[in-house]
Amino acid sequence: MNADLVVVGSGFFGLTVAERCAADLGLRVLVLERRDHLGGNAYSEPDPETGIEVHRYGAHLFHTSNERVWEYANRFTAFTSYRHRVFSTYKGRVYPMPINLGTICAYFGRVMSPDEARALIAEQSGEIAAPRNLEEKAISLIGRPLYEAFIRGYTAKQWQTDPRELPAEIITRLPVRYTFDDRYFDDVHEGLPVDGYTAWLERMADHPDIEVRLETDFFDVRDSLGGVPVVYTGPLDRYFGYAAGELGWRTLDFEREVVPTGDFQGTPVMNYADEDVPYTRIHEFRHFHPERDHHPADRSVIVREYSRFAGAGDEPYYPINTPGDREKLSRYRDLARRESGVLFGGRLGTYKYLDMHMAIASALTMVDNRLRPHFTAGAPLTGGGKDE
Ligand code: FAD
Ligand code: UDP
């Protein structure tokens, strides 16, 4: 294919760029993907033994309040009415998560009204005035006892970094509610793709002017691409040959098991807050799709999730973002700004934790603000830009 644009990576960011550029701007787009399948980390597949859909790179729950993203996603898939709920096991008892009035009443062993619970938490969180890190932020939101029960051990297992070294934003992803609302997400729209993530992602790529080339690493073929503009969604530090050092990532190990029961834990996700339980959570994938009737009655697929620092050869999943990482990042951003003909996007390309709806939104913005002006009016294409 004689491409007008090369997209490196076929995750939600790369496929959104490819789809818009082909369908809306009339461009021929070549998507290079290192793995043997498209879709990036949202990829899912039927477990070979049970047929239950498993998300290979960790459970993915779609939610958004962005109307443009919701409308766009619905062009490629319908969504089920799934609403995500999570429970947490701590010292042999089960509590709803994120922390809500149900969690607070259960933990302190008495009935409290919303006002009583607020007063109690205010008393327990009063010690922190201006939170500077995850630990301080968590204590300021929920007080020390709940922090020590539900956050400290889990976060230690998940990040293997002192919570005082972690940015406060990580914990603000979790809402705290003084009602019995135990939904995990606050967003207006939520659901799972009716026929799975892979079907959704494949439909995005299904355009005569999009070619997805699998098992092709950009760095092996870049010299043969000529001067074609590139949207790069691979790791930012790798693009620059790690010139400013390696950015820190956390990876996950997934231990999949087919268990001889039709229901292992009665819910899709059980978190384990105790530090001496080595995994952070167990997913039971059949519960993501209670509407499906082909699941076996006597077997189920569970996945235990373990977290650790990513080493060479590991999948980079979550940016750690220590102060040292942020310093390296600013050097890479300077390099990216000076790189001509290449735009950087997505989770790996910007070293930002992006949910799927954020990756899609940011790709749509890149098309609007950078690619359309370039291809329709000749605006220059350089790597930086505040929207990416
Ligand atoms: P990716 O999906 O990572 O895609 C990047 C692609 O680039 C990959 O396929 C990679 O193989 C390819 N690539 C990299 N380097 C090269 C190269 N040199 N050459 C060719 N190809 C290359 N979001 C939610 O909204 N809800 C969730 O519940 C949720 N859960 C998550 C759970 C986990 C464990 C993880 C890691 C993420 C989760 N996310 C979730 C985030 C979601 O995965 C991302 O928003 C989404 O994957 C971002 O898409 P992307 O295109 O930026 O990156
Ligand atoms: N968290 C926690 N206990 C829990 C769930 C989450 O301490 O039971 C903390 C943890 O630090 C985590 C952060 O809250 O990194 C954000 O949680 P979220 O579920 O958004 O993280 P993800 O599952 O996407 O890694």
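A residue is counted as near a molecule or strand if its C-beta atom, placed from the backbone, lies within 6 Å of it. The structure is a predicted model, in which local features need pLDDT of at least 70 and side-chain atom pairs count only at pLDDT 80 or more, while totals for chains, interfaces and linings use all residues. Residues are numbered from 1 along each chain as its sequence is written, and chains are lettered from A and ligands numbered from 1 in the order in which they are written.

Ligand 2 is surrounded by 13 residues, of which Ile151, Tyr154, Thr155, Arg173 and Asn271 are the closest. Helices α5 (134–159) and α6 (169–172) each contribute at least two residues to this shell, helices being DSSP runs of H or I with at least four residues, numbered from the N terminus. The largest share, five residues, is that of α5.

Around ligand 1 there are 34 residues, and Gly9, Gly11, Gly40, Gly58 and Gly346 come nearest. At least two residues of the shell around ligand 1 are supplied by each of α1 (12–23), α8 (218–221), α11 (346–350) and α12 (356–377).

Helix α5 also meets helix α4 (residues 114–125), and the axes of the two come within 7 Å and cross at roughly 95°, where axes are lines fitted to C-alpha atoms, for helices over the stretch in contact, and angles run from 0 to 180 degrees between N-to-C directions. Helix α4 is therefore roughly perpendicular to α5, a term that covers angles of 65 to 115 degrees. The contact (C-beta atoms, placed from the backbone, within 7 Å) involves Ile121, Gln124 and Ser125 of α4, together with residues of α5 including Ile139, Leu141 and Arg144.

Technical notes
Angles under 35 degrees count as roughly parallel, over 145 as roughly antiparallel, 65 to 115 as roughly perpendicular and the rest as oblique. Two residues are in contact if their C-beta atoms, placed from the backbone, lie within 7 Å.
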